[in-house]
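I have opened my notebook for a first look at this fold. Come along and read with the model beside you.

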Amino acid sequence: MIDSIKSFLYSMLVTLKLRKRTTPDDSDLLRFFRMLNLFLNAGMKSTESLEQTKEISGPIMKPVIIKMLKSIEGGMSLENAMRKTDVFPKYICDLIQAGREKGSLNEVVLEIVFFLEQKLDIKKK
């Protein structure tokens with residue numbers, strides 16, 4: 001009886017370790033915003049920056065960026081395209097909207113990077 005329980009628990013642990021993560025977490029969002037910031041600061045427009053970010057993103061964020069680009073091509077604003085993915089928290093979408101409307105998107109993206117870095121540092125402690 002105990003051996004069968006141990007065997008079952010071991011198989012569950014192996015299954016959980018092999019299951020790949022498909023939902024972006026804060027570290028994925030941080031990498032996304034770091035790359036986006038890089039391209040925005042280079043003078044690229046937001047759509048171009050997203051395209052470039054998509055090309056160097058990993059398998060978790062790439063589908064999210066593709067969905068955003070399709071929404072933007074359909075006439076949606078950047079912040080609404082982000083909202084539509086259900087990946088980005090509301091406060092980030094609101095910050096992006098404010099930055100876009102004031103013409104300071106790259107500064108807002110940099111602030112998001114700083115915030116996410118601090119959030120991840122706190123989680124580590």
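Which residues in α2 meet which residues in α7? I looked up the contacts (heavy atoms within 4.5 Å), and among those in α2 are Leu29, Leu30, Phe33 and Leu36, while α7 brings, among others, Val109, Ile112, Val113 and Leu116.

A note on the source: this is a predicted model, where local features need pLDDT of at least 70, side-chain atom pairs count only at pLDDT 80 or more, and totals for chains, interfaces and linings use all residues. Residues are numbered from 1 along each chain as its sequence is written, and side-chain values use heavy atoms, with hydrogens and water left out.

Next I checked how the helices (DSSP runs of H or I, at least four residues, numbered from the N terminus) are set. The axes (lines fitted to C-alpha atoms over the stretch in contact, with angles from 0 to 180 degrees between N-to-C directions) of α2, residues 26-41, and α7, residues 105-124, come within 9 Å and cross at roughly 155°. α2 and α7 are therefore roughly antiparallel (over 145 degrees).

I then turned to α6 and α7, whose axes come within 8 Å and cross at roughly 155°. Among the residues meeting there are Ile92 and Ile96 in α6, and Val109 and Ile112 in α7.

Technical notes: Helices (H or I, at least four residues) and strands (E, at least two) are DSSP runs, numbered from the N terminus. Angles under 35 degrees count as roughly parallel, over 145 as roughly antiparallel, 65 to 115 as roughly perpendicular and the rest as oblique.
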